[in-house]
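Entries follow in the order I made them.

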Amino acid sequence: MLQQWKPDPTFYPSPKMAIDAPVEELAYVAAPRDDGKPDTMCVVDLNKGSDTYRQIVSKLELGVRDEIHHFNWNACSASLCPYAPHPYIERRYLVVPALRGSNIYILDVKDDPKSPKLIKTLDAKEVESRSGYTRPHTVHCGPEGIYVSALAAAGSEEGPGGIFLMDHYNFNILGQWEVERGPQSLSYDFWWHLGYDVAVTSEWGYPAMIENGLNLEDLMERKFGHKIHIWDIRHRKNIQTLDLGDDYQMTLELRPAHDPTKAYGFVNAVLNMNDLSSSIWTWYKDGDDWGIQKIIDIPAQAPENPDDLPPVLKDIGMIPPLVTDHILSLDDKFLYVSCWGTGEMLQYDVSDPFNPKHIGTLKIGGITKSHPHPAAGPVSGGPQMVELSRDGKRLYFTNSLYVALDNQFYPEGANGWMVKADTNVENGGLALDPDFFVDFGESRAHQIRLQGGDSSSDSYCYP
Amino acid sequence: MDTGSWLSYTLMGVYHGINPGMGWLFAVALGMQEKRRRAVIGALFPMALGHAISIAVVVFVIALAQRQIPENVLRIACATVLFGFGVYKFFSARHPKWVGMRVGFKDLTIWSFLMASAHGAGLMLVPFLLRTPAAEASAHMHHAPASMTDNAVMLLSAVGVHTLSFFVVTGIVAIVVYEVVGLALLRKAWFNLDLLWSIALMIAGIVTLFWKH
């Protein structure tokens, strides 16, 4: 391939500089389906001056019942990292893993960003045989290539799940990343502190525990993940495991500080088995060791009419907040927390990562509640995958978690939507944009990626 | 060795020093991570050492080869390697893989050695090395323990001069970027020196082939 003369203009050395990036004009949204039609990668026009603003301008069909999930760019600001700089690689491909089908799709958005082209498919067989893993989930562009986490070991459908590497030029799978995985078997998300040569991984459940809806027996037996793991990136080995205790089930999304000199980050625990609350925890470097501490509890709420509860919650009689995603602004100041069950998006000031301040709440959807959207009236589902523009001013989110879980908690339907909230980055606060409602119809709507980068796409090596 | 050769070693050091991939950028990053200038300066010494070792390997391999291989054959071989490496670098964006910011003296020395070697830093000196009196020494091998020592001293001086200019330039760029300019520079001024480099290697290959003395 011919090289570029200048670094990709979407790469920024530091998160501080990325905040000044131009306003995004497109969003790529993963849209899985539950009706036998193919999942699609949808492109939403975010350019206010455009005739098609707030509309889906293209849909690219991928696999059937594939459950495309946490896709990401082939390259990002980590390409500027000083120890192996290769800034002339282009941010032009989306690496799209299918959490259920185990395929990985490579989409090229360069020629027509509004209409991605499928240029390569790594089918499940190839993914499994080359990586040793199945059910690929999260993708991050790292300093030396593309990292992908997966829920389970190929063949066994159980542990250990882990991480594998892909080449960022030809997208060949290079194989398992870990050298010494230590006690980790359940797997889910991962990210890192590049300034400390440390990676962090989290735990969800094996495929059988989620693919027919959350397996409640397993949940009662507290078999879901409740730990995070700290890794030495240079030696690819597990150096410490932090256990939240099995009261806390499902430790999912990892949001380390973007500033590489800061050694802390946030993780959500979906369910406290004692009271159905959700919680946010801060992990932090503590001398040579790492520690973790709970910083936010979000309680379950009582339904107005218990008869409206879905079967899965009937006996319990409460609505769990089901915090299943969150996003940290590039200045490491604001954390936005999705309460998928109670239909709330919460804003915290986490400038002090151990003393968060709750400064904003926005309501939309929710189990039995269905807080309406000004442009659409009552909506299905609740806030789930959340993404934030690099300047921190526009928050976008969708309503689908995972098809089987949508059906379990929102059995009356979970038609996909994407909305936008405007945030106040000076004093805090957030409000729904009353005119922005993108209707995905019978598709679900999951992960959002913003053109050029967003608040969970890039990693930085300079403060 | 003529003035032209000394100047070439020096200028080549300047060129390597400017390249962010070979030193100053990492030094700046370490300074920013630790938030002190001493970390920037401390990184420069192992970087210079690693760079010097990489250059020295090429210099001494060529010197040895000059004693064993007929001049014409060696020149054609070197020209082929240079040109071929240049073509490879032109078409391939492959880069050395290294992950790790927490590096000590040894790590940084190895890192710098790897980067310089992977970029073919020493190879650029080959056209000039082939013109040094070492070639003459090979023609008169029978008379010269003394001239062999002289030769080794001269080659070491070549490595030294090159490394010194690399060190000075890397150091100046690192300090200026760390203290004054900041990293916004990377977005504007960082053009693909590796691509330029690959073209330079191809030219060096051609020069080697035809530049007899």
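Entry: I count two residues as in contact if their C-beta atoms, placed from the backbone, lie within 7 Å. The model is predicted. With that rule I looked up B:Leu125, leaving aside its neighbours within four places in sequence. I found B:Leu125 in contact with B:Tyr9, B:Met12, B:Ile55, B:Val58 and B:Val59.

**Entry: the core.** Next I asked which residues have the most contacts inside the largest nonpolar core. That core has 202 residues. The list I got is A:Val29, A:Val44, A:Val96, A:Val200, B:Ala27, B:Val28 and B:Leu125. I then looked for the element that gives the most to this core, and it is helix H3 of chain B, residues 37-68, with eleven residues. I noted the general background: in soluble globular proteins, nonpolar side chains tend to be buried together.

**Entry: H3(B) and H5(B).** Helix H5 of chain B covers residues 105-118. How do H3(B) and H5(B) cross, and at what angle? Their axes come within 7 Å and cross at roughly 45°. The pair is therefore oblique. I noted the crossing as right-handed. From H3(B), the residues that meet H5(B) include B:Ala43, B:Pro46, B:Met47, B:Leu49 and B:Ile55. From H5(B), those that meet H3(B) include B:Phe105, B:Leu108, B:Ile110, B:Trp111 and B:Phe113.

**Entry: H2(B), buried or exposed?** I went through helix H2 of chain B, residues 24-34. Ten of its eleven residues are buried, so H2(B) is largely enclosed by the rest of the structure. The buried ones are B:Trp24, B:Leu25, B:Phe26, B:Ala27, B:Val28, B:Ala29, B:Leu30, B:Gly31, B:Met32 and B:Gln33. Two of these, B:Ala27 and B:Val28, I had already listed among the core residues with the most contacts.

**Entry: H2(B) against H3(B).** The axes of H2(B) and H3(B) come within 7 Å and cross at roughly 145°. H2(B) passes H3(B) in a right-handed crossing. On the H2(B) side I wrote down B:Phe26, B:Ala27, B:Val28, B:Leu30, B:Gly31 and B:Glu34. They meet B:Arg37, B:Ala39, B:Val40, B:Ala43, B:Leu44 and B:Met47 in H3(B). I sorted the contact into nine nonpolar, one polar and two charged residues. B:Ala43 and B:Met47 had also turned up in the contact of H3(B) with H5(B).

**Entry: the loop between H2 and H3 of chain B.** I looked at B:Lys35, which is found in this loop. B:Lys35 has a positive phi of about 60° although it is not a glycine. B:Lys35 is exposed, with 9 other C-beta atoms within 10 Å; the cut-off for exposed is 12 or fewer.

**Entry: B:Gly42.** B:Gly42 lies in helix H3 of chain B. I found 18 other C-beta atoms within 10 Å, so B:Gly42 is partly exposed. I also checked B:Gly42 against B:Arg94: they are 52 residues apart in sequence and 29 Å apart in space, C-alpha to C-alpha.

**Entry: chain B against chain A.** How many residues of chain B are in contact with chain A? I got 25 residues of chain B in contact with 32 residues of chain A. H2(B) and helix H9 of chain B, residues 184-189, are the elements that give two or more residues to the chain B side. H2(B) gives the most, with five residues. The chain B side divides into 17 nonpolar, five polar and three charged residues.

**Entry: H4(B) and H10(B).** I took helix H4, residues 71-91, and helix H10, residues 193-210, both of chain B. Their axes come within 7 Å and cross at roughly 160°. The two are therefore roughly antiparallel. The crossing is left-handed. I sorted the contact into 16 nonpolar, four polar and three charged residues.

**Entry: chain A backbone.** The peptide bond from A:Gly159 to A:Pro160 is cis, with omega near -5°. I placed A:Pro160 in the loop between strand S9 (146-153) and strand S10 (162-166) of chain A. A:Leu322 has a positive phi of about 45° although it is not a glycine. With 25 C-beta neighbours inside 10 Å, A:Leu322 counts as buried.

How values were computed: Residues numbered from 1 in each chain as written. Chains lettered and ligands numbered in written order. Predicted model: local features only at pLDDT ≥ 70, side-chain atom pairs only at ≥ 80, totals over all residues. Core = buried A, V, L, I, M, F, W, Y, C linked by C-beta atoms within 7 Å. Buried ≥ 20, exposed ≤ 12 C-beta atoms within 10 Å, placed from the backbone. Helix = DSSP H or I, 4+ residues; strand = E, 2+ residues; numbered from the N terminus. Axes fitted to C-alpha atoms, helices over the stretch in contact; angles between N-to-C directions. Parallel < 35°, antiparallel > 145°, perpendicular 65-115°, else oblique. Left-handed = near helix turned anticlockwise from the far one by under 90°. Nonpolar A, V, L, I, M, F, W, Y, C, P; charged D, E, K, R; others polar.
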